[in-house]
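Please keep the sequence and the structure in view while I speak.

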Amino acid sequence: MIHALVAASLAFSSVPAQTATVNCARVKCLALTFDDGPGAQTSALLKALSKAGAKATFFLVGKRVEERPEVARQIVAKGHAIGNHTYSHAALPAHSDNDILDELKVTQEVIEEATGRRPTMFRPPYGQTDERVLGLAAQTELAEILWTGTTLDWQLRDTKKIKATVLKLAKRDGVILMHDVVPQTVTAMPGILKELKKRGYHLVTVPTLLRGKGPTAGKSYF
């Protein structure tokens, strides 16, 4: 049974992730994406994004949504997009069809129960995917979202290096992979956002970046 707080969050389910209309065909857009949360640093990241007027996309791990449902709700309430990042951060191609479906379906249910919104996107952990995984995602009504550049922030663990890497990877219609569970990424974010906006980027969600042409279940993007 959905908790009363969850029920209250249903009001947000019909609100588009990008509340202000941005036409990425006319302006320079960039999608910042964050994997593996929600974590201890996610609320601080949301504050930085709000202060900068930026929108982002969060690929959530099911078991972490169970641990921090209130943070998952906050992500949606702030107008960001959400996606499925499996329940246990499993490397999907190594698993059976049934296990893959369980990883995706259980996470769908957990996210929907916490936020009132059912994801239409997923990101395979470690970027490990194949045609079988994509076909099973289609059965779960999910589109696969990869990236144009990854910061490897989990390895860098250095705010200056993370900022420099994001700025190097930034390009029009790009999708940058980061992790909201890496404290140094969250610390670096205000400076990153300031510089990206100075360079003329509109920081948007993945659906906004797709310009109304997706995400389509069973299709892989970027």
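This is a predicted model: local features need pLDDT of at least 70, side-chain atom pairs count only at pLDDT 80 or more; totals for chains, interfaces and linings use all residues.

**Helices, salt bridges and surface patches**

I begin with helix α6, in which V133, L134, L136 and A137 are buried. Because these residues cover an arc of only 165 degrees around the axis, they lie on the same side of α6. The face turned away from that buried side carries E131 and Q139, which are exposed.

Residues are numbered from 1 along each chain as its sequence is written, and side-chain values use heavy atoms, with hydrogens and water left out.

Some terms also need their meaning. Buried means under 20% relative accessible area, exposed means over 50%, and partly exposed lies in between, with a 1.4 Å probe and protein chains only. Helices (H or I, at least four residues) and strands (E, at least two) are DSSP runs, numbered from the N terminus. The arc is that of the directions from the helix axis to the C-beta atoms.

Let us turn to helix α2, which comprises residues 42–52. Which residues of this helix are buried? They are T42, L45, L46, A48, L49 and A52. They share the same side of α2, because the arc they cover around the axis is only 160 degrees. On the other side of α2, K47 and K51 are exposed.

My next topic is the salt bridges. A salt bridge is a side-chain nitrogen of Lys or Arg within 4 Å of a carboxyl oxygen of Asp or Glu. How many salt bridges does this rule give? The count comes to five, and I shall describe some of them.

Another salt bridge is formed by D173 and R211, whose closest N and O atoms are 2.6 Å apart. Here too the pair links distant parts of the chain, 38 residues apart: D173 is in the loop between α8 (159–169) and β7 (174–179), whereas R211 is in the loop between α10 (206–209) and β9 (220–221). D173 counts as partly exposed because its relative accessibility is 26%, and R211 counts as partly exposed at 37%.

A further salt bridge is made by the side chains of R199 and E195, at 3.0 Å from N to O. R199 is partly exposed, with 37% relative accessibility, and E195 is partly exposed, with 22%.

I now come to the backbone. Most residues other than glycine have a negative phi, and most peptide bonds are trans. Which peptide bonds are cis here? One joins G37 and P38, with omega about 0 degrees, and P38 is found in the loop between β1 and α2. Another runs from G214 to P215, with omega near 5 degrees, and P215 lies in the loop between α10 and β9.

R157 is placed in the loop between α7 and α8, and it counts as partly exposed because its relative accessibility is 42%.

Finally, I consider the surface patches. Patches are made of residues with over 30% relative accessible area and no salt bridge; like charges are joined within 9 Å, and nonpolar side chains (Val, Leu, Ile, Met, Phe, Trp, Tyr) within 5 Å. Accessible areas come from the Shrake-Rupley method with a 1.4 Å probe, and for residues only the protein chains shown count as cover.

L152, W154 and L156 form a nonpolar patch on the surface, with about 260 Å² of accessible area together. L156 is in helix α7 (residues 153–156) and is partly exposed, at 31% relative accessibility.

Thank you for your attention.
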